[in-house]
Amino acid sequence: MLCTRLTNARFLTMDPDHPVAHDLGIWQGRIAGLDEAVTSLPAKEVVDLQGATVLPGFIDAHVHLAWTGFKQNTPSIAGHTRIDDVLAVVAEAVARTRGPGDWVSIAGYDQRALGRHLTAAELDRVSDGRKLYLLHDSGHGCVVNTAVLDLLPAGIPHENGFLAEQAMGAARALRLPHAQEDLAEAIGRAARTCLTEGVTACAEAGIGGTLFGHSPVELGAYQLARDKGLLPLRVQLMVSADRLRPVAAHQADGIPRALDLGLRTGFGDDRLCVGALKVYTDGGMMARTAALTSPYEGLDHAGQLQDDPDVLTDLVVDGHLAGWQLAVHAIGDRAADLALDAIERAQRIRPRPEARHRIEHAGLIRPDQLPRMARLGVSAVVQPNFLRSYGDDYASIMGEERAPWMYRGRAFLDHGIPLVGSSDRPVADGSPLRAVQFMAERASASGQFIGPDEAVTVDQALHAYTVAGARACHWEDRLGSLSPGKHADLVVLADDPRSVDTSRIGAIEVVETYVDGSPSRPLA
């Protein structure tokens, strides 16, 4: 007997052997079969989906759950365009703290809205003895007041209180890490948001590191969230590469650096596991720190790498030798050159054809880099909503020649490069459906077309958030399509993304989300 049979729906299975179905059977959290294979079987529950469209649950291959959850509960200056209004919000947050010496965190900082960066001196006017930390929306910088600057080690570079990349990491290191209980609650908040948008599985893009990590024991917080019932979706954890340390392993093992006990990609189970090793090579376009081969339009610099190129290369190679899948953050084309050089060197030393290394973001990829990515077998894990939300700004700083190369779609597919969808939540909008809309029409929120030749079909965009996402996370045997034997993770939509006007895809209602055959909330 089936546990559940879902009927009267249009199941877009993403399985070429059975692309469309009208009935789906579920037994013990798995898909038992489709159509005639289950229609006549008895079921404990039969759910009439009233003509809805059903897809495999969306897979967001690059998110920051803890950061998202904390940001949801942090005072924000997002939307403010006047310095005085921003300082008023900060002053209000300061007034709610207990006393001098407290840290005050503010979210939503983006200098573009203000026309320039805030300064430490301006923050000093409203700090009242507190230590102020305003995290840039990109996650690649922050602005702090003098009370924080005075605590930084000598030689940490800043511009009137703005700290970028590793300098930001030095400021973060001054604070006690988040408690595991607080982390678990934040993770749970973000996970519930993901479910409302149809996301049933995701890859957390870097835990435990100095740049984006929230605690040296961050993995334990995810275990705690799961133990407390706060983790309603599947999570794969990327480990920040700066957690690797030299090990005295047998020489024949060929593992120069590793986590304790040799832990690597694949450890865990279907609900919580260790994924790729996250290596940061550059910054971001929003903070103007993505590493380019020529300067940003209107600026006299071309961004920056996170460290000496040889240091970064050795980190990539050592991670590969230790058996990790690599997720290399590379937004600018200069960073992509470094990533590809390092991956090629690693594969030459120890070939691992099925490693499925990934370039995270691949934000600016020159035409000459495409054949090389294909030859090395790397996936491009892109964030279409970056251009939907920030595309006008990004196009202006890249210039006419480079703008069409940003967050590509069609060119990756034409070269045989796996195109994987993700959000980088909370840096950008997390909705897969709004991302699918952008991928098909390449229009920013203002209506400006950005690299229209990079548009893909709706089917290809949906593939990026289902089948391709599963493969990028080594989940293809259990997720990504509505195929018998796979987990019954699915999203119920009020309309079919393939049949509505492209401009309406992002507004399609997510009616319900199922994980392991169980709905996240009762159907209306």
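View 1. The model is a predicted one, in which local features need pLDDT of at least 70 and side-chain atom pairs count only at pLDDT 80 or more, while totals for chains, interfaces and linings use all residues. Residues are numbered from 1 along each chain as its sequence is written, and side-chain values use heavy atoms, with hydrogens and water left out. The open sheet shown here has 4 strands in the order β9-β10-β11-β12, with mixed pairing. Because β9 (103-109) and β12 (162-164) stand at the edges with a single partner strand each, one side of each has no neighbour in the sheet. On average, neighbouring strands of this sheet are turned by 25° against each other, direction ignored; axes are lines fitted to C-alpha atoms, for helices over the stretch in contact, and angles run from 0 to 180 degrees between N-to-C directions. Strands β10 (residues 131-136) and β11 (residues 141-144) run antiparallel and are joined by 3 bridges. Look for L135, whose bridge partner in β11 is C142. Helix α3 (residues 83-95) lies across β9 and β10, at about 150° to β9, where contact means heavy atoms within 4.5 Å.

View 2. On a 1 Å grid over the protein atoms alone, a pocket is an open set of points with protein on both sides within 12 Å along at least five of seven lines, a cavity is a set where a 1.4 Å probe fits but cannot get out, and lining residues have an atom within 4 Å of a point. The largest pocket holds about 1200 Å³ of space, a volume being the space filled by probe spheres set on the points, which are joined across faces, edges and corners. Of its 40 lining residues, S105, Y133, R175, L176 and H178 lie nearest the centre. β9 gives the most to this lining, with 6 residues.

View 3. Edge strand β12 supplies the largest share of the lining, 3 residues.

**View 4. The largest cavity.** Here about 130 Å³ of space is found. Among the 18 lining residues, S138, H140, I331, F386 and D424 are nearest the centre. Both β17 (272-280) and α13 (384-402) supply at least two residues of the lining.

View 5. F386 belongs to helix α13 and Y407 to the loop between α13 and α14 (410-414), 21 residues apart.

**View 6. Two backbone details in loops.** Most residues other than glycine have a negative phi, and most peptide bonds are trans. A362, not a glycine, has a positive phi of about 45° and lies in the loop between β19 (358-361) and α12 (370-376). The R425 to P426 peptide bond is cis, with omega near 10°, and P426 is in the loop between β21 (419-421) and α15 (432-441).

How values were computed: Pairing = 2+ DSSP bridges.
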